[in-house]
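Q: I'd like to take a close look at a single part of this model. Could you walk me through it and then show me what lies around it?
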Amino acid sequence: MSATLVANLRSTAGRTPDQVALVQGERVVTYGTLWDMARRFAGGLRASGLAAGDRLALGLENSAEYVAAYYGTLLAGGIVVPLNVAAKARDFEFWLRHCAASWVVCSAENRELLAAAASTRVVTTAGVAPGGIAFADVAGEFEEATAPDAHAAACILYTSGTTGSPKGVLLSQHNIASNTDAIVTYLGLTAADSIVCVLPFYYSYGNSVLHTHVKVGATIVLDDNLVYPHKVVANIARSRATGFAGVPSTFSLLLGRVTLGDFDLSSLRYLTQAGGAMSVATTQKLREALPQAQLFVMYGQTEASARLTYLPPADLDRKLGSVGVALPGIELETRLESGERCAALQTGTVWVRGPNVMRGYWNNPEASATALQGGWLNTGDVGHLDADGFLFLAGRRSDMIKTGAHRVHPKDVEEVIEELAEVAEVAVVGVNDEMLGQAIKAFVVPKSAGGVDVMRVKAHCRQRLANYKIPKYVDLVGSLPKTASGKVRRHELVERHSE
Amino acid sequence: MSPKSEIKQFILGNYLFTNDESALADDDSLLKKGIVDSTGMLELIMHIEEKYGIKVAEDEMVPANLDSVVNVTAFIERKLAK
(Lines give C-alpha, C1' and ligand atoms only; values in the text may rest on other atoms or scores of the structure.)
Protein backbone atom coordinates (compact mmCIF):
# COMPACT_ATOMS: atom_id res chain seq x y z
CA MET A 1 0.00 0.00 0.00
CA SER A 2 1.25 3.49 -0.80
CA ALA A 3 2.44 5.68 2.04
CA THR A 4 0.34 8.64 3.09
CA LEU A 5 1.21 11.81 4.95
CA VAL A 6 -1.37 11.09 7.65
CA ALA A 7 0.11 7.62 8.17
CA ASN A 8 3.51 9.28 8.64
CA LEU A 9 2.21 11.57 11.38
CA ARG A 10 0.26 8.75 13.03
CA SER A 11 3.31 6.51 13.01
CA THR A 12 5.66 9.17 14.39
CA ALA A 13 3.19 10.18 17.12
CA GLY A 14 2.70 6.52 18.05
CA ARG A 15 6.42 5.82 18.14
CA THR A 16 7.58 8.99 19.91
CA PRO A 17 4.61 10.88 21.36
CA ASP A 18 6.82 12.98 23.65
CA GLN A 19 9.28 13.99 20.95
CA VAL A 20 9.17 17.71 20.20
CA ALA A 21 7.61 18.42 16.83
CA LEU A 22 7.44 22.21 16.83
CA VAL A 23 9.03 25.01 18.78
CA GLN A 24 7.69 28.53 18.29
CA GLY A 25 9.07 31.02 20.78
CA GLU A 26 8.09 29.69 24.17
CA ARG A 27 5.57 27.25 22.74
CA VAL A 28 6.61 23.62 22.46
CA VAL A 29 4.35 21.06 20.78
CA THR A 30 5.05 17.32 20.86
CA TYR A 31 4.14 14.83 18.16
CA GLY A 32 1.54 13.32 20.50
CA THR A 33 -0.14 16.69 20.90
CA LEU A 34 0.09 17.45 17.19
CA TRP A 35 -1.61 14.18 16.30
CA ASP A 36 -4.35 14.85 18.86
CA MET A 37 -4.86 18.34 17.42
CA ALA A 38 -5.09 16.97 13.88
CA ARG A 39 -7.60 14.27 14.92
CA ARG A 40 -9.70 16.76 16.85
CA PHE A 41 -9.78 19.11 13.89
CA ALA A 42 -10.66 16.25 11.52
CA GLY A 43 -13.46 15.17 13.86
CA GLY A 44 -14.76 18.73 13.96
CA LEU A 45 -14.73 19.01 10.16
CA ARG A 46 -16.55 15.70 9.77
CA ALA A 47 -19.15 16.64 12.40
CA SER A 48 -19.75 19.90 10.54
CA GLY A 49 -20.40 18.09 7.31
CA LEU A 50 -17.11 18.21 5.43
CA ALA A 51 -17.45 15.66 2.63
CA ALA A 52 -14.66 13.79 0.88
CA GLY A 53 -12.98 16.04 -1.67
CA ASP A 54 -14.28 19.31 -0.18
CA ARG A 55 -11.69 22.07 -0.34
CA LEU A 56 -10.38 23.79 2.77
CA ALA A 57 -8.31 26.91 2.15
CA LEU A 58 -5.54 27.18 4.71
CA GLY A 59 -4.33 30.74 5.14
CA LEU A 60 -2.26 30.54 8.31
CA GLU A 61 1.33 31.45 9.08
CA ASN A 62 3.59 28.59 10.14
CA SER A 63 2.23 27.28 13.45
CA ALA A 64 0.94 24.14 15.19
CA GLU A 65 -2.55 25.15 14.01
CA TYR A 66 -1.34 25.19 10.40
CA VAL A 67 0.02 21.66 10.75
CA ALA A 68 -3.06 20.39 12.62
CA ALA A 69 -5.40 21.89 10.01
CA TYR A 70 -3.31 20.51 7.13
CA TYR A 71 -3.13 16.95 8.43
CA GLY A 72 -6.64 17.16 9.94
CA THR A 73 -8.14 18.07 6.57
CA LEU A 74 -6.40 15.11 4.92
CA LEU A 75 -7.55 12.80 7.72
CA ALA A 76 -11.15 13.95 7.20
CA GLY A 77 -10.83 13.25 3.47
CA GLY A 78 -10.78 16.88 2.38
CA ILE A 79 -8.42 18.65 0.01
CA VAL A 80 -6.20 21.23 1.66
CA VAL A 81 -5.40 24.43 -0.25
CA PRO A 82 -2.54 26.33 1.44
CA LEU A 83 -2.61 30.02 0.55
CA ASN A 84 0.06 32.71 0.70
CA VAL A 85 -0.99 34.74 3.75
CA ALA A 86 0.62 37.89 2.34
CA ALA A 87 -1.70 37.96 -0.68
CA LYS A 88 -4.38 40.59 -1.12
CA ALA A 89 -8.19 40.18 -1.34
CA ARG A 90 -7.97 40.22 -5.14
CA ASP A 91 -5.87 37.02 -5.18
CA PHE A 92 -7.77 35.37 -2.35
CA GLU A 93 -11.13 35.94 -4.07
CA PHE A 94 -9.82 34.35 -7.21
CA TRP A 95 -8.30 31.32 -5.51
CA LEU A 96 -11.33 30.65 -3.31
CA ARG A 97 -13.64 30.88 -6.29
CA HIS A 98 -11.41 28.79 -8.53
CA CYS A 99 -11.13 25.88 -6.08
CA ALA A 100 -14.69 26.45 -4.76
CA ALA A 101 -13.46 26.29 -1.19
CA SER A 102 -16.15 25.58 1.36
CA TRP A 103 -13.90 26.30 4.36
CA VAL A 104 -11.31 28.96 5.10
CA VAL A 105 -8.91 28.78 8.04
CA CYS A 106 -7.03 31.98 8.80
CA SER A 107 -6.02 34.47 11.46
CA ALA A 108 -8.80 36.80 12.64
CA GLU A 109 -6.34 39.57 11.79
CA ASN A 110 -6.07 38.66 8.10
CA ARG A 111 -8.61 41.20 6.82
CA GLU A 112 -7.77 40.63 3.17
CA LEU A 113 -8.57 36.93 3.36
CA LEU A 114 -11.65 37.44 5.55
CA ALA A 115 -12.96 39.98 3.03
CA ALA A 116 -12.67 37.35 0.31
CA ALA A 117 -14.20 34.55 2.37
CA ALA A 118 -17.73 35.92 2.63
CA SER A 119 -19.43 32.83 1.24
CA THR A 120 -17.47 30.12 3.03
CA ARG A 121 -17.29 28.82 6.55
CA VAL A 122 -14.55 30.70 8.32
CA VAL A 123 -12.37 29.30 11.10
CA THR A 124 -10.00 31.70 12.79
CA THR A 125 -7.08 31.71 15.14
CA ALA A 126 -6.12 34.78 17.20
CA GLY A 127 -9.75 35.63 17.98
CA VAL A 128 -13.06 35.04 16.28
CA ALA A 129 -14.17 36.85 13.14
CA PRO A 130 -17.83 37.94 12.86
CA GLY A 131 -19.84 34.89 11.80
CA GLY A 132 -16.75 32.71 12.14
CA ILE A 133 -15.78 29.78 14.32
CA ALA A 134 -12.82 29.73 16.70
CA PHE A 135 -10.13 27.24 15.70
CA ALA A 136 -10.41 25.50 19.07
CA ASP A 137 -14.13 24.94 18.49
CA VAL A 138 -13.58 22.86 15.37
CA ALA A 139 -13.33 19.74 17.47
CA GLY A 140 -14.79 16.29 17.52
CA GLU A 141 -14.08 12.64 18.09
CA PHE A 142 -12.42 11.23 15.03
CA GLU A 143 -13.05 7.67 13.99
CA GLU A 144 -11.07 6.54 10.99
CA ALA A 145 -13.40 4.31 9.01
CA THR A 146 -11.16 3.44 6.10
CA ALA A 147 -7.61 4.38 5.28
CA PRO A 148 -7.57 7.34 2.89
CA ASP A 149 -6.81 6.66 -0.77
CA ALA A 150 -3.17 7.63 -1.20
CA HIS A 151 -3.77 8.53 -4.83
CA ALA A 152 -6.81 10.73 -4.28
CA ALA A 153 -6.55 14.52 -4.58
CA ALA A 154 -5.13 15.85 -1.31
CA CYS A 155 -3.56 19.26 -1.81
CA ILE A 156 -3.80 22.19 -4.22
CA LEU A 157 -0.91 24.66 -4.35
CA TYR A 158 -1.49 27.78 -6.44
CA THR A 159 1.61 28.83 -8.34
CA SER A 160 0.18 31.89 -10.03
CA GLY A 161 -2.20 34.66 -9.23
CA THR A 162 -5.36 35.77 -10.91
CA THR A 163 -4.13 36.39 -14.41
CA GLY A 164 -3.80 34.06 -17.31
CA SER A 165 -4.20 30.40 -16.81
CA PRO A 166 -5.03 29.49 -13.19
CA LYS A 167 -2.50 27.00 -11.99
CA GLY A 168 -3.51 25.12 -8.88
CA VAL A 169 -1.09 22.20 -8.69
CA LEU A 170 -3.08 19.15 -7.62
CA LEU A 171 -1.11 16.63 -5.58
CA SER A 172 -2.06 13.35 -3.94
CA GLN A 173 -0.71 12.17 -0.62
CA HIS A 174 1.24 9.58 -2.58
CA ASN A 175 2.89 12.33 -4.67
CA ILE A 176 4.09 14.22 -1.60
CA ALA A 177 4.84 11.17 0.56
CA SER A 178 7.03 9.56 -2.10
CA ASN A 179 8.98 12.79 -2.53
CA THR A 180 9.23 13.08 1.26
CA ASP A 181 10.82 9.63 1.44
CA ALA A 182 13.37 10.47 -1.24
CA ILE A 183 14.37 13.74 0.46
CA VAL A 184 14.66 12.05 3.88
CA THR A 185 17.00 9.50 2.34
CA TYR A 186 19.44 11.88 0.64
CA LEU A 187 19.54 14.31 3.56
CA GLY A 188 19.97 11.38 5.95
CA LEU A 189 17.30 12.89 8.21
CA THR A 190 16.57 11.19 11.52
CA ALA A 191 14.67 11.94 14.71
CA ALA A 192 17.89 13.44 16.09
CA ASP A 193 17.68 16.28 13.56
CA SER A 194 16.19 19.70 14.10
CA ILE A 195 15.81 22.60 11.71
CA VAL A 196 15.26 26.33 12.11
CA CYS A 197 12.60 26.96 9.48
CA VAL A 198 12.09 30.41 7.99
CA LEU A 199 10.34 29.10 4.86
CA PRO A 200 6.56 29.36 4.75
CA PHE A 201 4.78 26.00 4.73
CA TYR A 202 2.41 27.27 2.01
CA TYR A 203 5.17 27.09 -0.59
CA SER A 204 6.33 23.68 -1.76
CA TYR A 205 9.85 24.10 -0.31
CA GLY A 206 8.53 24.80 3.20
CA ASN A 207 5.87 22.16 2.69
CA SER A 208 8.61 19.58 2.08
CA VAL A 209 10.53 20.70 5.18
CA LEU A 210 7.38 20.07 7.22
CA HIS A 211 6.56 16.64 5.82
CA THR A 212 10.13 15.31 5.94
CA HIS A 213 10.49 16.24 9.59
CA VAL A 214 7.12 14.75 10.48
CA LYS A 215 8.10 11.55 8.69
CA VAL A 216 11.18 10.92 10.84
CA GLY A 217 10.00 12.64 14.01
CA ALA A 218 12.52 15.47 13.87
CA THR A 219 12.03 18.91 15.39
CA ILE A 220 11.08 22.09 13.53
CA VAL A 221 11.98 25.37 15.22
CA LEU A 222 9.79 28.05 13.63
CA ASP A 223 11.28 31.47 13.13
CA ASP A 224 9.17 34.39 12.00
CA ASN A 225 11.21 35.71 9.15
CA LEU A 226 14.46 37.26 8.15
CA VAL A 227 13.74 40.88 8.97
CA TYR A 228 16.18 40.55 11.85
CA PRO A 229 18.66 38.04 10.36
CA HIS A 230 21.05 37.79 13.28
CA LYS A 231 18.14 36.66 15.48
CA VAL A 232 17.62 33.73 13.14
CA VAL A 233 21.28 32.80 13.44
CA ALA A 234 21.11 33.20 17.22
CA ASN A 235 18.13 30.86 17.16
CA ILE A 236 20.13 28.24 15.22
CA ALA A 237 22.93 28.48 17.80
CA ARG A 238 20.60 28.43 20.81
CA SER A 239 18.47 25.53 19.61
CA ARG A 240 21.54 23.57 18.44
CA ALA A 241 19.80 23.03 15.10
CA THR A 242 21.31 20.46 12.76
CA GLY A 243 19.80 21.89 9.57
CA PHE A 244 18.85 25.08 7.83
CA ALA A 245 17.00 25.54 4.54
CA GLY A 246 17.02 28.65 2.40
CA VAL A 247 16.71 30.21 -1.02
CA PRO A 248 19.63 32.18 -2.49
CA SER A 249 18.45 35.50 -1.02
CA THR A 250 18.27 33.92 2.46
CA PHE A 251 21.94 33.00 2.32
CA SER A 252 22.96 36.34 0.77
CA LEU A 253 21.22 38.09 3.64
CA LEU A 254 22.83 35.94 6.34
CA LEU A 255 26.29 36.25 4.80
CA GLY A 256 25.92 39.96 4.16
CA ARG A 257 24.50 41.11 7.48
CA VAL A 258 25.62 38.63 10.11
CA THR A 259 29.12 37.73 11.28
CA LEU A 260 28.46 34.01 11.35
CA GLY A 261 31.77 33.39 13.12
CA ASP A 262 30.41 35.15 16.21
CA PHE A 263 27.95 32.31 16.79
CA ASP A 264 28.48 28.71 17.78
CA LEU A 265 26.98 26.96 14.76
CA SER A 266 28.89 23.72 15.24
CA SER A 267 25.61 21.80 15.49
CA LEU A 268 24.76 22.54 11.84
CA ARG A 269 25.14 19.29 9.96
CA TYR A 270 23.63 20.38 6.66
CA LEU A 271 22.19 23.28 4.66
CA THR A 272 19.77 23.02 1.77
CA GLN A 273 19.44 25.53 -1.03
CA ALA A 274 16.67 25.58 -3.61
CA GLY A 275 14.41 28.18 -5.20
CA GLY A 276 16.60 29.32 -8.06
CA ALA A 277 20.26 29.40 -8.93
CA MET A 278 22.64 30.70 -6.27
CA SER A 279 25.78 32.41 -7.56
CA VAL A 280 29.01 30.44 -7.36
CA ALA A 281 30.48 33.26 -5.25
CA THR A 282 27.71 33.00 -2.64
CA THR A 283 28.02 29.21 -2.64
CA GLN A 284 31.74 29.45 -1.96
CA LYS A 285 31.32 32.09 0.76
CA LEU A 286 28.70 29.96 2.45
CA ARG A 287 30.95 26.93 2.51
CA GLU A 288 33.83 28.96 3.88
CA ALA A 289 31.63 30.46 6.59
CA LEU A 290 30.12 27.11 7.59
CA PRO A 291 32.66 24.44 6.64
CA GLN A 292 31.17 21.85 9.01
CA ALA A 293 27.80 21.88 7.24
CA GLN A 294 27.20 19.90 4.09
CA LEU A 295 25.54 22.02 1.43
CA PHE A 296 22.80 20.35 -0.62
CA VAL A 297 21.95 22.28 -3.80
CA MET A 298 18.54 21.17 -4.99
CA TYR A 299 16.11 21.79 -7.81
CA GLY A 300 12.44 21.10 -8.23
CA GLN A 301 9.09 22.64 -8.74
CA THR A 302 5.66 22.64 -7.17
CA GLU A 303 4.37 20.43 -10.02
CA ALA A 304 6.79 17.75 -8.78
CA SER A 305 5.66 18.00 -5.13
CA ALA A 306 8.92 19.75 -4.39
CA ARG A 307 12.13 18.06 -5.39
CA LEU A 308 13.45 16.66 -8.68
CA THR A 309 17.24 16.70 -8.30
CA TYR A 310 19.91 17.22 -5.68
CA LEU A 311 23.64 17.68 -5.88
CA PRO A 312 25.40 15.35 -3.46
CA PRO A 313 27.72 17.57 -1.35
CA ALA A 314 30.68 15.39 -2.28
CA ASP A 315 30.15 16.41 -5.92
CA LEU A 316 29.79 20.13 -5.26
CA ASP A 317 33.32 21.10 -6.29
CA ARG A 318 33.44 18.72 -9.21
CA LYS A 319 30.06 19.85 -10.54
CA LEU A 320 29.86 23.46 -9.41
CA GLY A 321 26.89 25.17 -11.05
CA SER A 322 24.93 21.94 -11.46
CA VAL A 323 21.66 21.21 -9.65
CA GLY A 324 22.67 17.57 -9.48
CA VAL A 325 21.14 14.25 -10.38
CA ALA A 326 17.55 13.03 -10.43
CA LEU A 327 16.22 11.67 -7.15
CA PRO A 328 15.84 7.88 -6.97
CA GLY A 329 12.62 6.85 -8.71
CA ILE A 330 12.55 9.96 -10.89
CA GLU A 331 13.44 9.87 -14.57
CA LEU A 332 14.75 13.09 -16.08
CA GLU A 333 15.61 13.90 -19.65
CA THR A 334 16.15 16.94 -21.82
CA ARG A 335 14.33 17.23 -25.13
CA LEU A 336 14.58 19.36 -28.24
CA GLU A 337 11.58 21.30 -29.59
CA SER A 338 10.98 18.35 -31.93
CA GLY A 339 10.48 16.07 -28.92
CA GLU A 340 13.70 14.22 -29.64
CA ARG A 341 15.97 13.49 -26.67
CA CYS A 342 19.01 15.72 -26.38
CA ALA A 343 22.50 14.30 -26.55
CA ALA A 344 24.82 14.90 -23.58
CA LEU A 345 25.64 18.62 -23.24
CA GLN A 346 22.92 19.56 -25.72
CA THR A 347 20.48 22.15 -24.37
CA GLY A 348 16.77 21.40 -24.30
CA THR A 349 13.65 21.46 -22.15
CA VAL A 350 13.67 19.41 -18.96
CA TRP A 351 11.06 16.63 -18.81
CA VAL A 352 10.52 14.39 -15.78
CA ARG A 353 8.52 11.34 -14.77
CA GLY A 354 8.02 9.91 -11.31
CA PRO A 355 5.70 9.25 -8.39
CA ASN A 356 6.03 12.85 -7.22
CA VAL A 357 4.62 14.38 -10.40
CA MET A 358 1.26 16.12 -9.93
CA ARG A 359 -2.06 14.74 -11.06
CA GLY A 360 -2.61 17.95 -13.05
CA TYR A 361 -3.77 21.52 -12.56
CA TRP A 362 -7.03 21.83 -10.69
CA ASN A 363 -9.91 22.55 -13.02
CA ASN A 364 -7.68 23.48 -15.92
CA PRO A 365 -7.56 20.63 -18.47
CA GLU A 366 -5.81 22.73 -21.14
CA ALA A 367 -2.85 23.66 -18.93
CA SER A 368 -2.72 20.09 -17.60
CA ALA A 369 -2.61 18.66 -21.13
CA THR A 370 0.25 21.00 -22.03
CA ALA A 371 2.29 20.20 -18.93
CA LEU A 372 1.62 16.46 -18.75
CA GLN A 373 2.23 14.42 -21.88
CA GLY A 374 2.48 10.65 -22.03
CA GLY A 375 3.10 10.43 -18.30
CA TRP A 376 5.89 13.01 -18.42
CA LEU A 377 5.92 16.52 -16.97
CA ASN A 378 7.27 19.37 -19.07
CA THR A 379 8.98 21.51 -16.41
CA GLY A 380 9.39 24.49 -18.74
CA ASP A 381 12.96 24.77 -17.51
CA VAL A 382 15.82 24.72 -19.98
CA GLY A 383 19.20 23.09 -19.48
CA HIS A 384 21.52 20.25 -20.33
CA LEU A 385 22.73 17.00 -18.82
CA ASP A 386 26.44 16.29 -18.77
CA ALA A 387 27.94 12.91 -19.55
CA ASP A 388 27.53 11.83 -15.91
CA GLY A 389 23.83 12.75 -15.83
CA PHE A 390 24.23 15.99 -13.86
CA LEU A 391 21.73 18.68 -14.77
CA PHE A 392 22.82 22.25 -15.49
CA LEU A 393 19.96 24.74 -15.82
CA ALA A 394 20.08 27.65 -18.22
CA GLY A 395 16.79 29.40 -17.58
CA ARG A 396 13.09 29.10 -18.13
CA ARG A 397 10.88 29.28 -21.14
CA SER A 398 8.23 31.12 -19.17
CA ASP A 399 8.39 34.76 -18.08
CA MET A 400 7.88 33.93 -14.41
CA ILE A 401 9.97 36.20 -12.17
CA LYS A 402 11.82 34.67 -9.21
CA THR A 403 12.22 37.31 -6.53
CA GLY A 404 13.49 36.13 -3.16
CA ALA A 405 11.45 33.05 -2.24
CA HIS A 406 8.53 34.15 -4.43
CA ARG A 407 7.36 33.53 -7.96
CA VAL A 408 5.60 36.38 -9.72
CA HIS A 409 3.88 36.25 -13.07
CA PRO A 410 4.47 39.56 -14.92
CA LYS A 411 0.87 39.65 -16.09
CA ASP A 412 -0.32 39.73 -12.49
CA VAL A 413 1.47 43.02 -11.95
CA GLU A 414 0.74 44.39 -15.42
CA GLU A 415 -2.97 43.92 -14.99
CA VAL A 416 -3.00 45.94 -11.79
CA ILE A 417 -0.93 48.81 -13.24
CA GLU A 418 -3.21 48.90 -16.28
CA GLU A 419 -6.10 49.67 -13.97
CA LEU A 420 -4.74 53.22 -13.71
CA ALA A 421 -6.50 55.53 -16.19
CA GLU A 422 -3.31 57.41 -17.06
CA VAL A 423 -1.48 54.25 -18.17
CA ALA A 424 -1.62 53.30 -21.84
CA GLU A 425 0.53 50.18 -21.70
CA VAL A 426 2.84 48.41 -19.34
CA ALA A 427 5.32 45.53 -19.42
CA VAL A 428 6.84 43.93 -16.34
CA VAL A 429 10.09 41.99 -16.28
CA GLY A 430 12.54 40.53 -13.78
CA VAL A 431 15.94 42.23 -13.67
CA ASN A 432 19.07 41.04 -11.92
CA ASP A 433 19.27 41.92 -8.25
CA GLU A 434 22.16 41.12 -5.99
CA MET A 435 20.00 40.28 -3.00
CA LEU A 436 16.73 38.99 -4.44
CA GLY A 437 18.04 37.17 -7.51
CA GLN A 438 15.54 39.13 -9.53
CA ALA A 439 13.74 42.39 -8.81
CA ILE A 440 10.55 43.49 -10.52
CA LYS A 441 10.71 46.32 -13.00
CA ALA A 442 7.77 47.93 -14.77
CA PHE A 443 8.05 49.85 -18.04
CA VAL A 444 5.06 52.15 -18.23
CA VAL A 445 3.80 54.01 -21.29
CA PRO A 446 1.76 57.06 -20.20
CA LYS A 447 -1.49 57.73 -22.04
CA SER A 448 -0.83 61.44 -22.46
CA ALA A 449 1.93 63.96 -22.18
CA GLY A 450 0.81 64.58 -18.60
CA GLY A 451 2.78 61.48 -17.73
CA VAL A 452 2.33 59.06 -14.87
CA ASP A 453 3.20 59.57 -11.21
CA VAL A 454 5.58 56.72 -10.34
CA MET A 455 4.68 56.94 -6.67
CA ARG A 456 1.00 56.52 -7.56
CA VAL A 457 1.80 53.42 -9.59
CA LYS A 458 3.59 51.87 -6.61
CA ALA A 459 0.89 52.94 -4.17
CA HIS A 460 -1.77 51.37 -6.37
CA CYS A 461 0.25 48.13 -6.55
CA ARG A 462 0.58 48.13 -2.78
CA GLN A 463 -3.18 48.35 -2.43
CA ARG A 464 -3.90 45.54 -4.88
CA LEU A 465 -0.89 43.20 -4.69
CA ALA A 466 1.16 41.37 -2.08
CA ASN A 467 4.17 43.50 -1.11
CA TYR A 468 6.69 41.28 -2.87
CA LYS A 469 4.91 41.95 -6.18
CA ILE A 470 5.35 45.73 -6.00
CA PRO A 471 7.85 46.81 -8.68
CA LYS A 472 11.15 47.97 -7.25
CA TYR A 473 11.69 50.07 -10.38
CA VAL A 474 9.14 51.91 -12.53
CA ASP A 475 10.42 53.48 -15.75
CA LEU A 476 8.31 55.73 -17.96
CA VAL A 477 8.85 55.02 -21.65
CA GLY A 478 7.42 56.30 -24.92
CA SER A 479 6.65 52.84 -26.30
CA LEU A 480 7.33 49.15 -25.72
CA PRO A 481 9.48 47.06 -28.07
CA LYS A 482 7.27 44.52 -29.83
CA THR A 483 7.43 41.70 -32.32
CA ALA A 484 5.63 41.90 -35.66
CA SER A 485 2.70 40.09 -34.09
CA GLY A 486 2.50 42.66 -31.30
CA LYS A 487 4.05 40.60 -28.51
CA VAL A 488 6.23 42.58 -26.09
CA ARG A 489 9.93 41.74 -26.41
CA ARG A 490 10.62 41.24 -22.73
CA HIS A 491 14.23 40.24 -23.28
CA GLU A 492 14.92 43.58 -24.89
CA LEU A 493 13.51 45.35 -21.82
CA VAL A 494 15.69 43.26 -19.52
CA GLU A 495 18.73 44.13 -21.62
CA ARG A 496 17.76 47.79 -21.61
CA HIS A 497 17.82 47.74 -17.81
CA SER A 498 21.33 46.33 -17.59
CA GLU A 499 22.77 48.83 -20.07
CA MET B 1 14.45 68.40 9.25
CA SER B 2 14.39 66.42 12.49
CA PRO B 3 15.38 62.74 12.35
CA LYS B 4 11.78 61.86 13.20
CA SER B 5 10.30 63.73 10.23
CA GLU B 6 13.04 62.51 7.94
CA ILE B 7 12.62 58.84 8.90
CA LYS B 8 8.88 59.09 8.63
CA GLN B 9 9.11 60.57 5.15
CA PHE B 10 11.60 57.92 4.10
CA ILE B 11 9.21 55.17 5.19
CA LEU B 12 6.16 56.86 3.66
CA GLY B 13 7.93 57.44 0.35
CA ASN B 14 9.72 54.12 0.02
CA TYR B 15 7.30 51.60 1.49
CA LEU B 16 3.86 53.21 1.52
CA PHE B 17 4.37 55.36 -1.59
CA THR B 18 2.57 58.40 -0.26
CA ASN B 19 3.21 61.82 1.27
CA ASP B 20 0.20 61.49 3.51
CA GLU B 21 1.56 61.54 7.05
CA SER B 22 -1.67 60.07 8.44
CA ALA B 23 -0.88 56.80 6.63
CA LEU B 24 1.64 55.91 9.32
CA ALA B 25 1.39 56.41 13.08
CA ASP B 26 4.68 57.05 14.84
CA ASP B 27 4.31 53.91 16.93
CA ASP B 28 3.03 51.60 14.16
CA SER B 29 5.00 48.34 14.03
CA LEU B 30 6.76 48.25 10.66
CA LEU B 31 6.82 44.48 10.73
CA LYS B 32 3.35 43.69 12.05
CA LYS B 33 1.73 46.22 9.71
CA GLY B 34 3.46 44.57 6.77
CA ILE B 35 5.31 47.79 5.90
CA VAL B 36 8.80 46.30 5.64
CA ASP B 37 10.05 42.84 4.81
CA SER B 38 13.63 41.61 5.14
CA THR B 39 14.92 43.59 2.17
CA GLY B 40 12.94 46.66 3.24
CA MET B 41 14.58 46.49 6.66
CA LEU B 42 18.00 46.27 5.01
CA GLU B 43 17.22 49.37 2.96
CA LEU B 44 16.11 51.20 6.09
CA ILE B 45 19.31 50.24 7.91
CA MET B 46 21.45 51.33 4.95
CA HIS B 47 19.57 54.61 4.82
CA ILE B 48 20.14 55.24 8.55
CA GLU B 49 23.83 54.42 8.19
CA GLU B 50 24.34 56.70 5.21
CA LYS B 51 22.16 59.59 6.29
CA TYR B 52 23.36 59.79 9.89
CA GLY B 53 26.87 58.43 9.51
CA ILE B 54 26.34 55.76 12.14
CA LYS B 55 26.99 52.04 12.08
CA VAL B 56 24.13 49.73 13.00
CA ALA B 57 25.76 46.79 14.77
CA GLU B 58 24.30 43.30 14.42
CA ASP B 59 23.08 43.17 17.98
CA GLU B 60 21.37 46.52 17.48
CA MET B 61 19.16 45.10 14.74
CA VAL B 62 16.23 44.41 17.02
CA PRO B 63 12.61 45.58 17.04
CA ALA B 64 13.30 47.86 20.04
CA ASN B 65 15.59 49.91 17.79
CA LEU B 66 13.96 49.55 14.39
CA ASP B 67 10.31 48.57 14.48
CA SER B 68 8.62 52.00 14.45
CA VAL B 69 9.29 55.65 13.69
CA VAL B 70 9.54 56.31 17.43
CA ASN B 71 11.99 53.47 18.00
CA VAL B 72 14.17 54.32 14.99
CA THR B 73 14.30 57.99 15.98
CA ALA B 74 15.22 57.24 19.58
CA PHE B 75 17.89 54.81 18.36
CA ILE B 76 19.44 57.39 16.01
CA GLU B 77 19.43 60.02 18.73
CA ARG B 78 21.09 57.66 21.21
CA LYS B 79 23.76 56.75 18.67
CA LEU B 80 24.43 60.37 17.73
CA ALA B 81 24.72 61.35 21.39
CA LYS B 82 27.53 58.84 21.95
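Leaving aside its neighbours within four places in sequence, which residues is Leu58(A) in contact with?

A: Happy to, with the reminder that this is a predicted model. Setting aside neighbours within four places in sequence, Leu58(A) is in contact with Tyr66(A), Ala69(A) and Tyr70(A), and also with Val80(A), Val81(A), Pro82(A), Leu83(A) and Val105(A). Leu58(A) also stands out in the largest nonpolar core, which has 180 residues: together with Leu34(A), Leu58(A) touches the most other members. The element that gives the most to this core is helix 3 of chain A, residues 64-75, with 9 residues.

Helix 8 of chain A (residues 229-239) packs against helix 9 of chain A at an angle of about 95°, and their axes are 9 Å apart. Helix 8 of chain A is therefore roughly perpendicular to helix 9 of chain A. Pro229(A), His230(A) and Val233(A) make the contact from helix 8 of chain A, while Leu253(A), Leu254(A) and Arg257(A) make it from helix 9 of chain A. Sorted by class, that contact has 4 nonpolar, 1 polar and 1 charged residues.

Now for the partner chain: 17 residues of chain A are in contact with 15 residues of chain B. On the chain A side, helix 9 (248-257) and helix 13 (454-464) each supply at least two residues. Helix 13 of chain A provides the largest share of that side, 4 residues. By class, the side of chain A that touches chain B has 10 nonpolar, 4 polar and 3 charged residues.

Technical notes: Residues numbered from 1 in each chain as written. Chains lettered and ligands numbered in written order. Predicted model: local features only at pLDDT ≥ 70, side-chain atom pairs only at ≥ 80, totals over all residues. Contact = placed C-beta atoms within 7 Å. Nonpolar A, V, L, I, M, F, W, Y, C, P; charged D, E, K, R; others polar. Axes fitted to C-alpha atoms, helices over the stretch in contact; angles between N-to-C directions. Parallel < 35°, antiparallel > 145°, perpendicular 65-115°, else oblique. Core = buried A, V, L, I, M, F, W, Y, C linked by C-beta atoms within 7 Å. Buried ≥ 20, exposed ≤ 12 C-beta atoms within 10 Å, placed from the backbone.
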